[in-house]
Structures are given as C-alpha cells and as structure tokens.
Amino acid sequence: MSESTQATRTSSDPDDFAVQIHDQVQSFILAVTEVARGDEPDSAVPYLLLEVSQLLLAGGRLGAHEDIVPEERYEADTGPEPDVDELRERLATLLDPVDVYSEVFDPYVPRKAPVACRISDDLADVLTDLRHGMAHYRAGRVSEALWWWQFSYLSNWGPTASAALRALQSLVAHVRLDTPLQELDGLDTDSPGVEVDDGELEREAGAVMAAEIAAPLGLKPGR
C-alpha cells in the first residue's frame, strides 16, 4: 500500500492513531497562531495552558508508542521552513511581563543550575517542529510525519513544551492561589550560556503581586 493510499485511508478513520496525532497537532498549531494574533489577550494564558496540555497528551502517546520507522530511507524535502519570528514576537508582547522564566533542562543532571527561558520562544520552537511533520502528513507521507513527530518529541519539542507547561501552570497557580509572583528582572535570554543559581534569582526577584497581572492575562485570583 502506498503512503498516498494510506493517507487517504487514515484520513477517513477517526480512530486511527495517525489521524488522532495529526488532529491534536493541527489543533495546537491553529490555537497558538490564533492566540498570537492578540485579539483576545484576556484569555491568552489559560488558553495556552489548555492547548499545551493537550499537545503533550499526543506527545505522551508518541513517546509510549513503539519506534516508528518511515517507509522511505531518506527524508523527502519539505521546502523552506515557515518563518515564526513574527509569531514569536507577538507572543512575547502578549505575555510581557511574564514571558521569562527559569528552567532546568535535565532534572537528572546533579545540581544543574537553572537557565532563563521564554514561553514565546518555546511555543515558536514547538510550532516549527510540528509544522515540519505536518508538511509530510499533508503530502501523504504519513509514516514520515509520525516518525518526525515522535523523534522531535523525544529530542526537542517534548522537553520544550513540558517546560512551557510548567511555567504556564505555575503562573496560573500563583494567580489563583493569590501568592506573590517573583519577577525575573535582569535575566536576559538573549545572552548565550546565561545560568543563575537560587541566590541570584532571589536577589533579582521583585515583588510583583499576582493581582497586577491577573486582569490583563484573563486570570482571577483565588478567594
């Protein structure tokens, strides 16, 4: 069975694994693109939390699935990658001043210092990986798309989306539980190799109450 035939068959079967992964990937791409337009800033953070959570469900299924082997030995050219710089900038503007957060990339590296990250960078990078696989899927190369989504989940977009999810969840928790949110003043993610320890984070943290960011980000403090 050719991949084009396989794509036609799977596209008509909503219970097919490939179709379900495709639908979740497509939903995430469309949702983040819509959020980045900035038309509804009041719901941006809760909406992103929901979408990243749902995407990671697809990632978990890919990670638990047996190794996917594409039918072709070499990857077909998908053409130039779509530019995500405008989307990245729009998200950074929308999420200011909570875009920057601290993250430890590998929790199994002893005493690894956290680094400064941006939610906007994370989401743009995840979109780049997902769109690459989507190009294969739409061209009928279903096994290639699944292989790419699985590989990039394990190597890049999985850890990146997981980090963004923790940041978004923490932000919602700070607001809903009415606890102070520390501002990472002075952290610059544009400088390569920037690492900070807990002491530095504490020195640079400013007292920013959750109520100050709740309204513009569509969050309500707890009682």
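A crossing of two helices is left-handed if the near helix is turned anticlockwise from the far one by less than a right angle, and right-handed if clockwise. The crossing of α2 and α5 is left-handed in this sense.

The structure is a predicted model, in which local features need pLDDT of at least 70, side-chain atom pairs count only at pLDDT 80 or more, and totals for chains, interfaces and linings use all residues. Residues are numbered from 1 along each chain as its sequence is written, and side-chain values use heavy atoms, with hydrogens and water left out.

## Overall architecture

The protein contains eight helices and four strands. Helices (H or I, at least four residues) and strands (E, at least two) are DSSP runs, numbered from the N terminus. Their order from the N terminus is α-α-α-α-β-β-α-α-β-α-β-α. Of the 223 residues in the protein, 42% are buried, where buried means under 20% relative accessible area, exposed over 50%, and partly exposed in between (1.4 Å probe, protein chains only). A contact requires heavy atoms within 4.5 Å. Among contacts between residues at least 6 apart in sequence, 76% join residues at least 24 apart.

## Helix packing

Axes are lines fitted to C-alpha atoms, for helices over the stretch in contact, and angles run from 0 to 180 degrees between N-to-C directions.

| Helix pair | Axes come within | Crossing angle |
|---|---|---|
| α2 (residues 17–36) and α3 (residues 44–64) | 10 Å | roughly 155° |
| α5 (residues 119–138) and α6 | 9 Å | roughly 165° |
| α2 and α5 | 10 Å | roughly 135° |

Angles under 35 degrees count as roughly parallel, over 145 as roughly antiparallel, 65 to 115 as roughly perpendicular and the rest as oblique. The axes of α2 and α5 cross at roughly 135°, and α2 is therefore oblique to α5. On the α2 side, the contact with α5 involves A18, V19, H22, V25, Q26, F28, I29, V32 and T33, while α5 contributes L123, V126, L127, L130, R131, M134, Y137 and R138. Sorted by class, this contact has 12 nonpolar, three polar and two charged residues. Here Ala, Val, Leu, Ile, Met, Phe, Trp, Tyr, Cys and Pro count as nonpolar, Asp, Glu, Lys and Arg as charged, and the others, Gly among them, as polar.

Helix α2 also passes α3 in a left-handed crossing, and these two helices are roughly antiparallel to each other. From α2, the residues F17, Q20, I21, Q24, V25, S27, F28, A31, V32 and V35 meet A44, Y47, L48, E51, V52, Q54, L55, L57, A58, R61 and L62 of α3. The contact of α2 with α3 comprises 15 nonpolar, four polar and two charged residues.

For α5 and α6, the crossing at roughly 165° makes the pair roughly antiparallel. This crossing is left-handed as well. The contact of α5 with α6 has 14 nonpolar, six polar and three charged residues.

## Individual sites

W149 lies in helix α6 and is buried, with a relative accessible area of 0%. Leaving aside neighbours within four places in sequence, W149 is in contact with I21, H22, V25, L62, D129, L130, G133, M134, Y137 and W157. The side chain of W149 also reaches the backbone oxygen of L130 at 3.1 Å. Such a polar contact is a pair of N or O atoms within 3.5 Å; within protein, one must be able to donate a hydrogen and the other to accept it, and residues adjacent in sequence count only if both atoms are side-chain atoms. W149 and M134 are 15 residues apart in sequence and 8.7 Å apart in space, C-alpha to C-alpha.

Helix α6 (residues 142–176) also holds A167, which is buried at 13% relative accessible area. Beyond its neighbours within four places in sequence, A167 is in contact with Y101 and I119. A167 and D99 are separated by 68 residues in sequence and by 9.0 Å between C-alpha atoms.

In α5, H132 is buried, with a relative accessible area of 11%. Neighbours within four places in sequence aside, H132 is in contact with E75, T78, E81 and W148.

Two loop residues complete the account. D16 lies in the loop between α1 (3–11) and α2 and counts as buried at 14% relative accessibility. The side chain of D16 reaches the backbone nitrogen of A18 at 2.9 Å. P97 is found in the loop between α4 (85–95) and β1 (100–103). A cis peptide bond joins D96 and P97, with omega about 10°.
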